[in-house]
Amino acid sequence: MADITAILTATQSADAGARQAAEEQLKNAQESNLAGFLTGLASELANEQKPPEVRRLAGLILKNALDARDETRKADLQQKWLAVDAGTRQSIKQQVWNTLGSNTPEIRHTGAQAVAKIAGAEIPAKQWPDLVTGLQSNVANTGAPAGLRQATLEALGYICEEIDSDHLSEGEVNAMLTAIFSGMRKEEPDVEVRLAATVALSNAMYFAEQNFERQHERDHIMQVTCECTVCPDVRVRQAAYEVLVGVAENYYDKLAPYITAIFNLTTKATKEDEEAVALQAIEFWSAVCEEEVAIQEELEEGGSNPPVYHKFVEQALGQLVPMLLETLTKQDEDQVEDGDDAWNVAMAGGTCLGLVATCVRDPVVDAVMPFITANISNQTEWRAREAATFAFGSILEGPDGDKLAPVASQALPFLLAATKDANSHVRDTTAWTIGRVFEFVGAASPPVVTPANLNEILTALVAALQDKPFVAGKACWALQRLPGFCCGEDGSH
């Protein structure tokens, strides 16, 4: 291939003709001589004398030569790579590997991505046998530059996304996890290393199945993770809670010895930490709820090997619900304008509360109603009114409809009046909650919708159709759920 630096530079040209010609040159080179094409890219990536933006582009093109969104296409690209002679592949791997120690952070990052894509092709084919030990050695060498150790851990995390756990031996998995834990420990002086290690553990979670079976190893994993949840760096704290979410999803049955400590950590994070961390702390309990709902369904189906069911949510209900209710008052001013893209502590807390209701069912009603009655008529603070309405709407799925029906009937006049609230957040949540009442309590006894209140319901919701678009959309959604409860079982009105 001609001067690759010039070609890569031309692909970024403002001149469309020059850009198209350069892209065509790269395409022809890849198709006519893949080994030479990849060798040229690897050399460009590894050359510290070349411009960083060109080196980074070379690494990205090299990485993409082994990757595709379509799995069939990706497998074909990986086979083409494996068809390149072993010597050439080894030379390319060495050059890419060397970029992990580059002085330029962006090049280290790109190198980590490229290492992972090559590993994704080679490890399942039993190639590159010394990769994991090389990665471990880089991290274990405390005298090595922090950038090299950080990029190595980043590569480890990416590799875990590219391969399956059965592609590695137990010894290789242990070596990989040892490297990760080495980077996560609280004694690690470089926060970027600690962050990369914690993110890598999140990606490696399903590789650790055998390690979670052994108590001393499990204790160590949980210890270093919990220590990271109180790291001074917010990114590390967030990543550590993401690890705990993965533990809940993959190793729920092993959580019992740690759940009290995790509850204390998540409560503190939800109340006091930055939003990114609080969101993951709430997500941990959402994950526990989802696991327990799935276990309940499995137990209801019966079977000879019933799953472990700790009833964490039920046991923590008295402390968990107040924590979640407190989050509901942390609304963003513009969250309704963001529509379905809105996600903040209040939204996460309400979602988790809904999962709690699905999980524990009837007991959640008594736990939440005092908050609702204390705040739903608060005329001085819209956040309190909206939070109370959101709490009510969130607990409607799960508890027995007949238990909720008297409460819903009593609440409905307040909700209908709130469709005219001065605050659009309140009106939006109110319309959503009315629709949820129809969806989950409408068929209960005594009936929530009756001939006596039907006209009032229709008047309020039809008027709400003239409101701001996000409110009108919820009102329309509520109206769609109303007709089924205006008819008898025989279809009579």
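Modeller: We can begin with tryptophan 432, which at 21% relative accessibility counts as partly exposed, a class lying between buried (under 20% relative accessible area) and exposed (over 50%), with a 1.4 Å probe and protein chains only. This is a predicted model in which local features need pLDDT of at least 70, side-chain atom pairs count only at pLDDT 80 or more, and totals for chains, interfaces and linings use all residues. Residues are numbered from 1 along each chain as its sequence is written, and side-chain values use heavy atoms, with hydrogens and water left out.

Colleague: Is phenylalanine 390 buried or exposed?

Modeller: The relative accessibility of phenylalanine 390 is 9%. With that value, phenylalanine 390 counts as buried.

Colleague: What kind of aromatic pair do phenylalanine 390 and tryptophan 432 form?

Modeller: Rings of Phe, Tyr and Trp (its six-membered ring) pair if their centres lie within 6.5 Å, and planes under 30 degrees apart count as stacked, over 60 as edge-to-face and the rest as tilted. Here the centres are 5.6 Å apart and the planes 70 degrees apart, so the pair of phenylalanine 390 and tryptophan 432 is, by these cut-offs, edge-to-face.

Colleague: How many residues apart in sequence are the parts that this pair ties together?

Modeller: Helices are DSSP runs (H or I, at least four residues), numbered from the N terminus. Phenylalanine 390 lies in helix α21 (residues 382–394) and tryptophan 432 in helix α23 (residues 424–441), so the parts tied together are apart in sequence by 42 residues.

Technical notes: Helices (H or I, at least four residues) and strands (E, at least two) are DSSP runs, numbered from the N terminus.
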